[in-house]
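Let's walk through this one together. Ask whatever comes to mind as you look.

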Amino acid sequence: MTNKKQLRYIDQLALLKLRGVQGIHLEWSLYNRNLNIRKRERYYLQRQLSDLSTLGYYQLKDYLYPYRKGSRFSNISFRQMRERYYQDKRVRQNTLHAIEDIEVTLNTKIAHVLGDNCGAYGYLNFSNWCQHNTYNPYFKVRRNNRWRSKFMSKDVLQDEQVKFIKEVRIKIIKSRTPDVVRLRKESDTSDVPIWLLMNELTLGNSIHLYKLMKPKLRKLIADYFNCTTDELISWLECLRLIRNICCHNGNLADLQLKTRPRAPREFINQKILYTIPIKDHDGNLRRWLITNRIALPLAIIVHLMRCINQKYNFHDLNSSIKNLINDSVTANYYGFRDSQSVDLLFYSHFKSSNEKESKFNLY
């Protein structure tokens, strides 16, 4: 393995300057005869070195890629690069705020459906509520070099049950939730009712449980979110990725999804999302490909939040997205049809919550 040399912060700054980042004042420029210019350049140098020492070279460099041309970057300064980092940070914070509400609601609905159909502890027996003796399209196995739906036999469910209960009991033992601690002291077992358990699970655990459910139970939850089961699972998998990016300080603004979730139908009809024409060899239009940029997960979040809270305030998220758009990085880059589409995404009016309640059972 080739040995890599650790660069000093001043050398990292010089490397950014060498690659085209503007507004970087290195040591040689501090000897300018004009004292005021020397003081100003010294101040900017110290501030830039402080940014590199706290945020990190590669963390900041991630926000240069929209400006990349070959091996260099053009039309961006160090200050703009730093601003893009903090703008993206605000996007992450506001996005995570909405995803947390979606996660809590999903857990509440799963707990209610399982509790209503199986009782407080019925979830411990997977045959009570899991799809079994049929092929589950949301679990795949590789056979003959092809991915196929997994057959949920008795043995498969038993393995899932053992693995789940083992993981859950570890979570319950480690839990510091007052009600869980009280139940643990009062009973001889380490099992808790489903409505307490759901608060201890990760979003990935909750999605896994939802995939395991019988189709009729999955549909009850999908109906609440005004979508199909396929759509909801596609959306939840996407939001789990977005949540992980937000929690681990990833670059959300420049996101490109490898697997596109299904786009909410209302945003396709209103032509808010950017689409790419796909043509055949003769140049004839075959179909329109929906964007894989940040606008698509945001459309999913808006749809789900409208089902949860019709009056949810998207002002902060809307503002943080609009701050990313400028002359160099357009709305198309982020997956919007145009800059006006950002406002349309967050403030367009859909069916009222009263209409939704009349159509779907809210338990």
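Q: Which residues of α8 are buried?
A: Before we start, this is a predicted model, where local features need pLDDT of at least 70, side-chain atom pairs count only at pLDDT 80 or more, and totals for chains, interfaces and linings use all residues. Residues are numbered from 1 along each chain as its sequence is written, and side-chain values use heavy atoms, with hydrogens and water left out. "Buried" means under 20% relative accessible area, with exposed over 50% and partly exposed in between (1.4 Å probe, protein chains only). Helices (H or I, at least four residues) and strands (E, at least two) are DSSP runs, numbered from the N terminus. In α8 the buried ones are Leu203, Gly204, Asn205, Ser206, Ile207, Leu209, Tyr210, Lys211 and Leu212. That's nine of the 10 residues of the helix (203-212), so α8 is largely enclosed by the rest of the structure.

Q: What covers the buried residues of α8?
A: Look for contacts, meaning heavy atoms within 4.5 Å. The cover includes α4 (78-118), β3 (135-143), α5 (154-174), α9 (215-224) and α10 (229-247).

Q: How many bridges join β3 to β4?
A: Two strands pair if DSSP finds at least two bridges between them. Here there are six, and β3 and β4 (residues 146-151) run antiparallel. As one example, Val141 has Arg148 in β4 as its bridge partner. Two residues sit between the strands of this hairpin, where Asn144 takes a positive phi near 55°.

Q: Is Ser320 buried or exposed?
A: Ser320, in helix α13 (residues 315-322), is buried, with a relative accessible area of 4%. Leaving aside neighbours within four places in sequence, Ser320 touches Arg90, Val91 and Asn94.

Q: What is the volume of the second largest pocket?
A: Rolling a probe the size of a water molecule over the atoms shows where empty space is left. On a 1 Å grid over the protein atoms alone, a pocket is an open set of points where a 1.4 Å probe fits, with protein on both sides within 12 Å along at least five of seven lines, and lining residues have an atom within 4 Å of a point. Points are joined across faces, edges and corners, and the volume is the space filled by probe spheres set on them. For the second largest pocket that comes to about 260 Å³.

Q: Which helix gives the largest share of the lining of that second largest pocket?
A: It's α1, with three residues. The lining includes Tyr9, Gln12, Leu52 and Tyr57.
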